[in-house]
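User: I would like to go through this model and ask what each label rests on. Please give the value and the criterion each time.

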Amino acid sequence: MSDRSPSTPSPAAPLSAATALAPDLRFEGRGLVCLRGERIVFANLDFSLGAGEALLLLGPNGSGKSSLLRLMAGLLRPMAGALAWHDGPVDDDPERHHARTRYVGHADAIKPVLTAAEILRFWAQVCAESPPSRAALDTSVADALARMGLTHLGDVPGRMLSAGQKRRLNLARLLAAPAPLWLMDEPVTALDKASVRTLEGVMADHRAQGGMIALSTHQDVDLPGARVLDLDAFGVDPLDLHPDIDADPYTSLGLAAC
Amino acid sequence: MLGALLAVLRRDLRLALRQGADSLMVVAFFVITVTLFPFGVGPEQAVLERISGGVVWVTALLAAMLSLDRLFQADYEDGSLDLLTLTPTPIVVLVVGKMIAHWLTTGLPLIIASPVLALLLHMQTDGYAVLLAAMALGTPSLSLIGGVGAALILGARRGGVLLSLLVLPLYIPILVFGVSAVEAAVMGLDAAPHLMILGALSLGGLVLCPWAAAAALKQAVE
């Protein structure tokens, strides 16, 4: 695959043994249909991600980028279609899927009264499959803070952090609790130029280790060799598809049975 | 799995400790509301003694209600709930952690405050021990059942009022057996059957309520 990142192996923490990367690691979706309210956001969407690959989601506001990422994470259920790993459907073992996936959404999940290090430590604990030792936890939290340039803010409570610092702390979660698949919903919002460069470096390292990334953005993010998925191409207008029959989105897509 | 439960428990306790006002307010509401009764019904000892068990229990239910709407709301608003449902640990386990933390920060202070308030209402001394036992066995149900209500109202406008409408009717069995345990003790009867039923309600709640709350949370994050 030409999608492989050219960067060299990184000093970042290796992925834990439980989520160790198989060379044939693959995550894909087939025939996904997403329904929000009574509107079909996208239909018949296929995607596939292999080790080291990246998927760049593009499209105007409301085209379903966030919905697709939430659907990939398992927060939303697809109306039709299925998500699967190389070793079985997501629905068979949602906990395994959660162990392999990290989601970065619009909200940064920062508690105003907890310090940056405490917040990161908590997420590293609950996201680990087996309870990490105290020393291992300390190291991974310190490394993640250092990598995102937050070491000096480790003891600062969440309410004192700026929007960009909160976002960097949320991104540090990806490093403190490693997992092969990163789902990132507009991760560069509120980040300054230097932080965007740092994030690009972190993502390149992740892919060099065989990690996968699905990312939506409206800004320029350097993701070498990423495949582009234009959500606008999967939009559905039932009236255009079937002008002569019922405009009900269920029947027009043959989903009445769902 | 246990590690994640303890991590959630520790985090919620730490949050409650640093935002100490929340827990304190619940106890303050409990104390102030109970002290209103002597003013309302008059200081006559026989009347206060007669209603003491009921007043303490009803006020404890209302005080517990006050704290419930924040149980999942803060996590829902700042995005933590999305991430909690996406951990390798089933969300039902984390819900148990949050409910235990809620009990430790509201149920336990209510238990500690209740004998003082019983004294204020001239409760007979025979009732004190049973009141404490009944509160200890009954308040876990308040956190468990209340947690289901708190999960159901996420995203609703005027959630606090809706929560009382949902949860207070479900608190009736706890109130009935909590009060009758105290009255049995005061009248010199055996309070054990009432206490056993309170314990059974809590154990039944421990089995069923986290599942119901987890299902409601999954619905809320969609």
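Analyst: The model is predicted. In chain A, the hairpin of E1(A) and E2(A) has two residues between the strands, and Gly37(A) there takes a positive phi near 65 degrees.

User: What makes E1(A) and E2(A) a pair of strands?

Analyst: Pairing requires at least two bridges between the strands. Strand E1, residues 26–36 of chain A, and strand E2, residues 39–50 of chain A, have eight bridges, in the antiparallel sense.

User: Why is Gly81(A) called partly exposed?

Analyst: Gly81(A), which lies in strand E4 of chain A, has 16 C-beta neighbours inside 10 Å. A buried residue needs 20 or more, and an exposed one has 12 or fewer. The value falls in between, so Gly81(A) is partly exposed.

User: Which residues does Gly81(A) touch, not counting those up to four places away in sequence?

Analyst: Gly81(A) touches Gly29(A), Arg30(A), Gly31(A), Leu32(A) and Val33(A). For these contacts, the C-beta atoms, placed from the backbone, lie within 7 Å. Separately, the C-alpha atoms of Gly81(A) and Asp46(A) are separated by 9.0 Å, with the two residues 35 apart along the chain.

User: Which residues touch the most other members of the largest nonpolar core?

Analyst: They are Leu120(A), Trp123(A), Ala172(A), Leu183(A), Ala134(B) and Ala181(B), in a core of 148 residues. The largest share of this core, 13 residues, comes from helix H7 of chain B, residues 126–152. Leaving aside neighbours within four places in sequence, the contacts of Leu120(A) include Val141(A), Leu169(A), Ala172(A) and Ala176(A).

User: How many residues of chain A are in contact with chain B, and what makes up that side?

Analyst: On chain A there are 24 residues in contact with 22 residues of chain B. Helix H2 (94–100), strand E6 (101–104) and helix H3 (116–127) of chain A each supply at least two residues of that side. The largest share, five residues, comes from H3(A).

User: What kinds of residue make up the side of chain A that touches chain B?

Analyst: That side has 15 nonpolar, five polar and four charged residues.

Notes. Residues are numbered from 1 along each chain as its sequence is written. Chains are lettered from A and ligands numbered from 1 in the order in which they are written. This is a predicted model: local features need pLDDT of at least 70, side-chain atom pairs count only at pLDDT 80 or more; totals for chains, interfaces and linings use all residues. Two residues are in contact if their C-beta atoms, placed from the backbone, lie within 7 Å. Helices (H or I, at least four residues) and strands (E, at least two) are DSSP runs, numbered from the N terminus. Ala, Val, Leu, Ile, Met, Phe, Trp, Tyr, Cys and Pro count as nonpolar, Asp, Glu, Lys and Arg as charged, and the others, Gly among them, as polar. A nonpolar core is a set of buried Ala, Val, Leu, Ile, Met, Phe, Trp, Tyr and Cys residues joined through C-beta atoms within 7 Å.
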